[in-house]
Amino acid sequence: EETRIWREVSPKLDELHVKFACDIYLRAKRELAINREEIPQLRHLSERVTRETNMHLVPAEGALPYRTFYEYIAERGFPVTQFIRHGSHPEFTPEPDMIHDCLGHVPPLMNRDYAELLTLVGKAVATTTKGDQVLALKRFSWFSIEFGLIEEAGETKVFGAGILSSTGEIPFSLFSNQVTRRPFVTEKVIDQDYDPSHMQDNLFIAPSFAFLRRELENLVRRFGIAVL
């Protein structure tokens, strides 16, 4: 049953990715060469990612507490869930599953700059003890790494793993009139709450990947978190 769901969802996501995913993701996904027909073995994916960026994958039974999740990432480990979404709703899942992780988060880990951005968030969250700083970093991550859009050659492309791993969320994020899309302004981002139980109707568009890296570094410095 899990293989059937994988074979149903993966080709549909491939078609959407070619049209709407950002270049960083597409290049990384081609290099990783995940099979449409078979659920990938995490050990093999982890070995490949480790060779490229010194990240590794950590098997997880389900969603982890936010701080725990980023404590793994601070040590260059990325937790990956061990189950697949229910077959009755293959287009969307409110919780992470193997499709979300392996077809959303894992491919960009092949990109060194992306891996460093992610690791910086992890180190900052693992280091600070201030709740308001953790919340700000959580929102920054949510509206970029999880549910971010990005400008490329005058077009808006999908950047976040939560969108990339959902056949429903990709067109919804880009074309639905129910979605508010705004330029990525850090102060607005870290003040914006979200609800993970449904498709996201508030999204931010970053002008570039380098911009996100600079904004995160500036935020960490402003908070006085000694990880840079």
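Me: Helices here are DSSP runs of H or I with at least four residues, numbered from the N terminus. With that settled, which helix does Ser173 lie in?

Reply: Ser173 is in helix α9, residues 169-175. Keep in mind that this is a predicted model.

Me: Is Ser173 buried or exposed?

Reply: Buried. The cut-off for buried is under 20% relative accessible area, and Ser173 has 1%.

Me: What does Ser173 touch, leaving out residues up to four places away in sequence?

Reply: Ser173 touches Leu149, Val158, Ile163, Val179, Arg181 and Leu203.

Me: Moving to the core. Which members of the largest nonpolar core touch the most other members?

Reply: Leu118 and Phe184. The core has 76 residues.

Me: Which helix gives the largest share of this core?

Reply: Helix α6, residues 112-127, with eight residues.

Me: And Phe184, what does it touch away from its sequence neighbours?

Reply: Leaving out residues up to four places away in sequence, Phe184 touches Phe140, Phe143, Ser144, Val189, Phe204, Ile205, Ala206, Phe211 and Leu212.

Me: Which helices and strands supply at least two residues of the lining?

Reply: α4 (66-74), β2 (77-81), α5 (98-105) and α7 (131-146) each do. The largest share is from α7, at four residues.

Me: How does the lining divide into nonpolar, polar and charged?

Reply: For the largest pocket, 15 residues are nonpolar, 10 are polar and six are charged.

Me: How much space lies in the second largest pocket, and what lines it?

Reply: About 170 Å³. The second largest pocket is lined by Asp14, His17, Val18, Leu26, Lys29, Arg30, Ile34 and Arg36. Helices α1 (2-20) and α2 (23-32) each supply at least two residues of that lining. By class, three of its residues are nonpolar, one is polar and four are charged.

Me: Back to α4. Which of its residues are buried?

Reply: In α4, Tyr66, Phe69, Tyr70, Ile73 and Ala74 are buried.

Me: Why do the buried residues of α4 line one face of the helix?

Reply: Looking down the axis of α4, the buried residues fall within an arc of 140°, so they line one face. In general, an α-helix has 3.6 residues a turn, so residues three or four places apart point the same way.

Me: What do the buried residues of α4 pack against?

Reply: They pack against β2, α6 and α7. After α4 comes Arg76, which has a positive phi near 65°.

Me: What about α2, which residues are buried there?

Reply: Ile24, Tyr25, Leu26, Ala28, Lys29 and Leu32 are buried in α2. The buried residues of α2 pack against α1, α3, α5, β3 (148-152), α8 (161-164) and α11 (209-223).

Me: What follows α2?

Reply: Ala33, whose phi is positive, near 55°. Ala33 is in the loop between α2 and α3 (42-53). With a relative accessible area of 58%, Ala33 is exposed.

Me: Then what is phi of Asn54, and where is the residue?

Reply: Phi of Asn54 is positive too, near 65°. Asn54 sits in the loop between α3 and β1 (56-60). Asn54 is partly exposed, at 49% relative accessible area.

Me: Last one, Thr3. Where is it found, and what does it touch?

Reply: Thr3 is in helix α1 and is partly exposed, with a relative accessible area of 29%. Not counting residues up to four places away in sequence, Thr3 touches Glu37, Glu38 and Ile39.

Me: How far apart are Thr3 and Thr53 in space?

Reply: They are 29 Å apart, C-alpha to C-alpha, and 50 residues apart in sequence.

Definitions and conventions: Residues are numbered from 1 along each chain as its sequence is written. This is a predicted model: local features need pLDDT of at least 70, side-chain atom pairs count only at pLDDT 80 or more; totals for chains, interfaces and linings use all residues. Side-chain values use heavy atoms; hydrogens and water are left out. A nonpolar core is a set of buried Ala, Val, Leu, Ile, Met, Phe, Trp, Tyr and Cys residues joined through side-chain atoms within 4.5 Å. Buried means under 20% relative accessible area, exposed over 50%, partly exposed in between (1.4 Å probe, protein chains only). Contact means heavy atoms within 4.5 Å. Ala, Val, Leu, Ile, Met, Phe, Trp, Tyr, Cys and Pro count as nonpolar, Asp, Glu, Lys and Arg as charged, and the others, Gly among them, as polar. On a 1 Å grid over the protein atoms alone, a cavity is a set of points where a 1.4 Å probe fits but cannot get out, and a pocket is an open set with protein on both sides within 12 Å along at least five of seven lines; lining residues have an atom within 4 Å of a point. Grid points are joined across faces, edges and corners, and a volume is the space filled by probe spheres set on the points. The arc is that of the directions from the helix axis to the C-beta atoms.
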